[in-house]
Amino acid sequence: MNRYENLANVLSDRIEQGLYPAGIRLPSVRVLSSEHGVSVSTVQQAYRVLEEKQLVEARPKSGYFVKGARIRAALPSGCRPAQRPVEISQWDQVLDLITSPHRPGVVQLGQGSPDVTAPTLKPLSRLMGRAGQHQNLNAFHYDSIYGTEDLREQIARLMIDSGSHMDASNILITTGCHEALSIAIRSVCEQGDIVAVDSPSFHGAMQTLKGFGMKALEIPTDPVTGISLEALEMALEQWPIKAIQLTPNCNNPLGYNMPDDRKKGLLRLAQRYDIAIIEDDVYGELAYQYPRPATITSFDDDGRVLLCSSFSKTLAPGLRVGWIAPGRYHDRAIHMKYITTGASATLPQIAIADFIKQGYYLQHLRRMRTQYQRNLCTMTDWVMKYFPCGTRVSRPQGGFLLWIELDERIDTLRLNRLLEEHSVQIAIGSIFSASGKYRNCLRMNYAQPLAAKTERAVQRVGMLVSEMLESC
């Protein structure tokens, strides 16, 4: 972490603890420079970070002041306890969401895509072109089914930040995280098996279960601490569950980071009942805190966790480069990889490996974390401003997705159809449930640079919700 980031964290902690109350003038740049033994420019950078987080404001010729406390919406309520495994539905609604980016003129608030317009991605474009020109045609041949050794070594180094220490030989490159999840599920489960999932849960993983003829058992999930270990234990005692699939870091769609003690508790449950854990960490490196949260895999000492991730959320989804660290299921995972796509595309692997080695990747991550955290504050303020009173909003600790719970009388499927007339789309809540729960919820993306048209789109969503309530 840079010096200015350390200083920004110190000041941020003091503000949150009330040592610097709202409205008070903060120490001058020169005072902080002397107090912390850093340069004036370092202090100025730290204050810029706090401005972007909307914690402080600069007043001309007066200095920096702590901003007034922001009104926080209530958190989304948890779902009811698990009752029984169900066959997954909602495919038509998922298909509508994933095909919508191709509709011209639509303000897309529902897609789970990062900002690909950042200038820190420009070196990656150059490296892609260079890889195609100077690799002696290696980039146009099949690579090893394991993926390029160079990229796997870089991923192994990146994983150290999450507490995981493994050799590159334990990593298998896939065509995105979606294939990684597919491989993981088929490596430990068969048709008819039951998989426990956090709820709400990523629709892609549930549709994979549906495609393989498996059932999902939804486990209640807290919007701050994650999956309920108590409810999970009861389910494990009652049902022959084969695996647990969840996203513990920067969760999609709730945005929480599961505390380490609960991750360890989850692992102990899996060990006691001898089942696998399929861990989706695709958003983990976008956590706003530093160091980034640990993976469940980092606490695993018997190889029962299959860790899945990709560069689709940190770089660009079109690269289609993901990976899986399958633990004790390594041989089975290789076979599953072979019968699906075989070797993954070589060119983007070469370019991403160079992008990481040359230091561009960490630079890009720092920029995006700051942008997404700043956008989160703005998007939350818009929701509070334009949505009806009583709206509940998640408090993401990373990533770029916001979960919103509306009045129980609101059907977001109907809301989405009304929004089509205004060229706006959201992700409806029911696709994040195997059984169609969360019909009064929606997910919105705040990754892109927020412009006036985005605010108008959020305002339109809020206005239609209000109109629907008035007609109830």
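Reader: What makes the contact between Arg292 and Asp281 a salt bridge?

Author: In this predicted model, the side chains of Arg292 and Asp281 come to 3.0 Å, N to O, and because a salt bridge asks for a side-chain nitrogen of Lys or Arg within 4 Å of a carboxyl oxygen of Asp or Glu, the pair qualifies. The pair links distant parts of the chain, with Arg292 and Asp281 both in the loop between strand S9 (276-280) and strand S10 (305-310), 11 residues apart. Arg292 and Asp281 are both buried. The loop between S9 and S10 also holds Pro291, which is joined to Tyr290 by a cis peptide bond with omega of about -5°.

Reader: How do you know that Lys263 and Asp260 also meet in a salt bridge, and where do they stand in the chain?

Author: Their side chains meet at 3.9 Å, N to O, and since the limit is 4 Å, this pair counts as well. Lys263 and Asp260 belong to helix H10 (residues 260-272), and because they are three residues apart there, about one helical turn separates them. An α-helix has 3.6 residues a turn, so residues three or four places apart point the same way.

Reader: How many salt bridges does the structure hold, and which residues are linked in a network of them?

Author: The structure holds 16 salt bridges, and a network of salt bridges links Asp274, Asp302, Arg304 and Arg328.

Reader: How do you know that the buried residues of H3 line one face of the helix?

Author: The buried residues of H3 are Thr42, Val43, Ala46, Tyr47, Val49 and Leu50. Seen down the axis of H3, these residues fall within an arc of 155°, so they line one face of the helix. They pack against helix H1 (3-16), helix H2 (29-36), strand S1 (56-59) and strand S2 (63-66).

Reader: Why is the span of H3 called close to the expected one?

Author: Helix H3 (residues 40-52) has 13 residues and reaches 19 Å from its first C-alpha to its last, close to the 18 Å expected at 1.5 Å a residue. Just after H3, Gln54 takes a positive phi of about 60°.

Reader: What makes Trp91, Leu95 and Ile98 a nonpolar surface patch?

Author: Trp91, Leu95 and Ile98 make a nonpolar surface patch of about 260 Å². Ile98, which lies in helix H4 (residues 91-99), has a relative accessible area of 41% and is partly exposed, and because patch residues need over 30%, Ile98 meets that condition.

Reader: What is said of phi in Ser423 and Tyr438, and why is Tyr438 called buried?

Author: Ser423 has a positive phi of about 55° although it is not a glycine, and phi of Tyr438, likewise a residue other than glycine, is near 65°. Ser423 lies in the loop between helix H14 (412-420) and strand S14 (424-425), and Tyr438 in the loop between strand S15 (427-428) and strand S16 (441-445). Tyr438 has 10% relative accessibility and therefore counts as buried, because the limit is under 20%, whereas Ser423, at 31%, is partly exposed.

Reader: Which peptide bond to Pro253 is cis, and where is Pro253 found?

Author: The peptide bond from Asn252 to Pro253 is cis, with omega near 20°, and Pro253 is found in the loop between S8 and H10.

Technical notes: Residues are numbered from 1 along each chain as its sequence is written. This is a predicted model: local features need pLDDT of at least 70, side-chain atom pairs count only at pLDDT 80 or more; totals for chains, interfaces and linings use all residues. Side-chain values use heavy atoms; hydrogens and water are left out. Patches are made of residues with over 30% relative accessible area and no salt bridge: like charges are joined within 9 Å, nonpolar side chains (Val, Leu, Ile, Met, Phe, Trp, Tyr) within 5 Å. Accessible areas come from the Shrake-Rupley method with a 1.4 Å probe; for residues, only the protein chains shown count as cover. Helices (H or I, at least four residues) and strands (E, at least two) are DSSP runs, numbered from the N terminus. Buried means under 20% relative accessible area, exposed over 50%, partly exposed in between (1.4 Å probe, protein chains only). The expected span of a helix is 1.5 Å times one less than its number of residues. The arc is that of the directions from the helix axis to the C-beta atoms. Contact means heavy atoms within 4.5 Å.
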